[in-house]
Amino acid sequence: MSGADDDGCAGPRLVVVGGGITGLSAAWQGAARGARVTVLEASGRFGGKIVTERRDGFVIEGGPDSYVAYRPALARLLDELGIADEVIAPGGGRRAALLARGALRPMPAGMGMVLPTRLWPFVTTRVLGWPDKLRAGLDLVIPRRLRDGRDVSIGAFLRSRLGDGIVDRYAEVMVGGIYGARVDELSLDAVLPSLRRNEREHRSLMVASLAQGRAARRGRATARGAVGSPFRTLRAGLGRVVEALVEGLGARGVELRAGAAAARLTDAGVELADGSLVPADAVVLAGGAACSALLLAGPAPDAAAVLDAIPLASTTVVSLGFRVDDFDRPPDSQGWLEVDPGPVSGVTTSSVKYAGRAPDGQALVRVFIPDKRGPLTGAPDDELLPAVLDHVRPLLGVHGEPTVTRIDRWHAVMPKYTVGHLDRVAAVDGWLAAHRPTWAVAGSALHGVGLPECVADGRARADAVLDAAAGRARGEGPSGAPEAGTVPADGSGAAVPAAKGA
């Protein structure tokens, strides 16, 4: 297929399936490269898991509420959109706590996602008992466990080095919470590859983490100040990113089609559920694992089967507004994560964490109920809401009825990076690169679940399929070599076989 009109001046036709942050970022990159871009979104709105409601002075996030600043892709996009000056960092308030052993306890200073970067706060914390602390200390003398390159679960590896306590009370809460899965099923190499490197270089994970903490503190001292929290958001909520993208894409001539469900991929383009065809020289699939698997089932059944096998988690987010006067004392903590068994994995006090999230005299909290914590996440509203209120009221010290409620349900949309995930990534990407290089799967299903990772992946996949489309227009194969049976540019007349590798 040629991407040019009769005058040969128009760019290639890029179709993006999925109007979430990944798909919109792919479209932004395609437009920047001069492609004619169409975004197909099956639902009636753009933004995917980013859902921001502004109501009665509240700014309520139904999905993610922040991103990490140390991954630059989203920051770069915000700069290009002209809204970088709208970024804000967390405000005051006490840092998040842990609900452990029946009480809210301070998160130990210097505690990372798995290991401490400072020794004394770890020694004195009451989140762990002394038997767990002593067992974790055995890591200092335990020999290396990873003696080959096989992937293992984070839980199995950490339990062998540090024991059950630090896994169940830290890693499970922080790492498992991000991925909606248990650490005993999450892939070490896909989620925390640094642990393999740390064991190889230092043998002891504790030694490695403490050394990294010292280096970070020296770096901050050299920079004359602490870097503070790595989390950022926008003053008007993350929905502002989607609004700016939609506006910017429209200004660049991108066709944004909501309510347009893709049904089938063909050599000519993307066929919609209504039977119409959207012509395409290149396609980025950014609608999630299930959507991409469905579209690839016919033309690429092997890749589709791999995508279809990726387990998906569900979670429910309940947002609650309360009058500040209804608290025993005004909330001053950013929230907590829950170590103890129960239906809730954590609570964020959004109005403490970020400025402008609630009007004067009101407070806003968000409660997270993942399916790995039990069946409450799927309960009907009239059962879910009372259970959540019963759980959080004594912990928050709040009385009275909420002034605002919102329930957001995310059913089977969070991919779990279980053991062997990188093999699945290689299988999907490799098959497409070898056989359908103008198609790509983008987003959290394969290449990273955070917002910056999704932005970076959407842009990278757009580049890849457009490069492949340009190569095809020149008569080149998947790797940039001329197609089998064609004459190389040097005129030698030797046929070059089409590339088979990724």
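Strand E1, residues 13-17, is largely enclosed by the rest of the structure, because 4 of its 5 residues are buried (buried means under 20% relative accessible area, exposed over 50% and partly exposed in between, with a 1.4 Å probe and protein chains only). Strands here are DSSP runs of type E with at least two residues, and helices are runs of H or I with at least four, each numbered from the N terminus.

Arg13 has Arg36 of E2 as its bridge partner.

## Basis of the model

The structure is a predicted model, in which local features need pLDDT of at least 70 and side-chain atom pairs count only at pLDDT 80 or more, whereas totals for chains, interfaces and linings use all residues. Residues are numbered from 1 along each chain as its sequence is written, and side-chain values use heavy atoms, with hydrogens and water left out.

## Overall architecture

The protein chain contains 16 helices and 20 strands. Along the principal axes, the C-alpha atoms fill a box of roughly 75 × 60 × 45 Å.

Of the 502 residues, 49% count as buried. Among contacts with a separation of 6 or more, 71% involve residues 24 or more positions apart, a contact being heavy atoms within 4.5 Å.

## Surface

The accessible surface of the protein chain is about 21800 Å², and carbon and sulfur atoms contribute 54% of that area. These areas come from the Shrake-Rupley method with a 1.4 Å probe; for residues, only the protein chains shown count as cover.

Ser350 belongs to helix H13, residues 350-353. This serine is buried, with a relative accessible area of 7%. Apart from neighbours within four places in sequence, Ser350 is in contact with Arg357, Leu364, Val365 and Arg366.

Trp431 is located in helix H15, residues 421-435. With neighbours within four places in sequence again set aside, Trp431 is in contact with Pro299, Ala300, Asp302, Ala426 and Arg436. Ala300 is 131 residues away from Trp431 in sequence, yet their C-alpha atoms are 8.3 Å apart in space.

Notes
Pairing = 2+ DSSP bridges.
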